Amino acid sequence: MKESDIIRSLFGTVPPPEDDCYFLAPNRLVTTDSLSEGTHFLHKWSSPAVLAGKLVEVNVSDITASGGVPKECFLNLGLSPTSRKKEWVMAFSKALRSSLHQYGMKLAGGDTFSSPTTQLALTVVGTVKKPWLRSGGKPGDYLYITGDLGQSLLGYHCLKKNWKEGQYKAAIQRHLLPKSRQSLQKPLTKYPIHACMDVTDGLIQDAERLAIASKGKLKIQIESLPLHPLAKKALGMDACLGSGEELELLFLSPKILPPEIQSIPVTMIGRLETGKLGVQFIREGKNYLPNNRGFLHFAEEE
């Protein structure tokens with residue numbers, strides 16, 4: 001079964017939510033995200049400090065993508081024979097407190113348990129004046145993305161193939177500890193943002209989700225995409241399009257935004273149109289079909 005089919009089965013006849021955050025009127029957001037050993041990380045690559053930071057960042061990114069600010073969180077900590085050691089727990093705890101302090105967040109509770117493998121989950125509660133929902137896009141909106149794409153996947157390949165050259169240092173860091181775009185939350189509220197999400201499964205899959213939620217067709221210009229030059233050279237263009245865990249913001253606005261906000265690039269890459277729901281990539285004036293959709297947690301034939 002596909003991941004979307006599994007999620008739909010859990011909700012039965014009720015349509016599943018389209019957003020990573022749940023909006024509790026009048027001004028609260030709730031999200032949860034997990035890091036599972038063997039799926040999201042390996043201990044030989046990720047220190048306890050890195051894992052604590054990443055756990056916070058991926059959850060803060062969800063709150064950011066809904067237009068909010070994180071406030072409180074709850075931690076579920078499944079400790080394995082490796083992670084239950086005192087030195088691991090102390091290093092993780094110190095880094096967690098530091099990451100939470102960075103965003104002014106409070107650890108309000110959670111659960112700790114023994115597990116064969118390390119399982120980390122954080123639930124974050126945030127505040128928001130008016131949430132950015134994936135479903136808010138309107139025909140004619142411009143599609144924007146922050147930063148660049150491809151470095152996270154390049155970092156994974158560097159770790160897997162033991163590429164240690166200095167030119168790959170930033171990519172490795174991007175994969176191990178991506179950063180949310182929370183610093184853009186306040187500046188972006190100055191503009192009308194109709195819909196937003198963060199890039200966690202790659203542009204191909206996530207743009208499709210945004211298009212379907214907003215009931216339109218996203219037409220994306222390949223030549224406009226801010227692909228990281230080193231990643232594009234090492235992995236190819238299609239791989240960069242499917243690079244996940246980038247935590248960049250993908251959003252729709254009716255306005256022309258500046259090309260840089262808070263020293264972070266903001267690139268217009270397409271528009272939302274009426275038509276068949278989904279994504280249409282255009283390269284040199286012709287339809288372009290990427291040869292890979294990126295990482296899938298579950299194969300369709302399972």
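Student: Which helices and strands each supply at least two residues of the lining of the second largest pocket?
Tutor: Those are α7 (203-213), β12 (278-283) and β13 (286-288). Helices (H or I, at least four residues) and strands (E, at least two) are DSSP runs, numbered from the N terminus. Bear in mind that this is a predicted model, where local features need pLDDT of at least 70 and side-chain atom pairs count only at pLDDT 80 or more, while totals for chains, interfaces and linings use all residues. Residues are numbered from 1 along each chain as its sequence is written, and side-chain values use heavy atoms, with hydrogens and water left out.
Student: Which one gives the largest share of that lining?
Tutor: β12, with 4 residues. Among the lining residues are G278, F281, Y288 and R293.
Student: OK, new topic. How many aromatic pairs are there?
Tutor: The count comes to 4 aromatic pairs. Rings of Phe, Tyr and Trp (its six-membered ring) pair if their centres lie within 6.5 Å; planes under 30 degrees apart count as stacked, over 60 as edge-to-face and the rest as tilted. One of them is Y144 with F251, a stacked pair at 5.4 Å centre to centre, with 20° between the planes.
Student: Where do those two sit in the chain?
Tutor: In distant parts: Y144 is in strand β6 (residues 142-146) and F251 is in strand β9 (residues 249-253), 107 residues apart.
Student: Are Y144 and F251 buried or exposed?
Tutor: Both Y144 and F251 are buried. Buried means under 20% relative accessible area, exposed over 50%, partly exposed in between (1.4 Å probe, protein chains only).
Student: What about W163 and Y168, what kind of pair do they form?
Tutor: W163 and Y168 form a tilted pair, 5.4 Å centre to centre with 35° between the planes.
Student: And why does W163 count as partly exposed?
Tutor: Because W163 has a relative accessible area of 26%. Y168 has 12%, so Y168 is buried.

How values were computed
1 Å grid on protein atoms, 1.4 Å probe; cavity = no way out; pocket = protein on both sides within 12 Å on 5 of 7 lines; lining within 4 Å.
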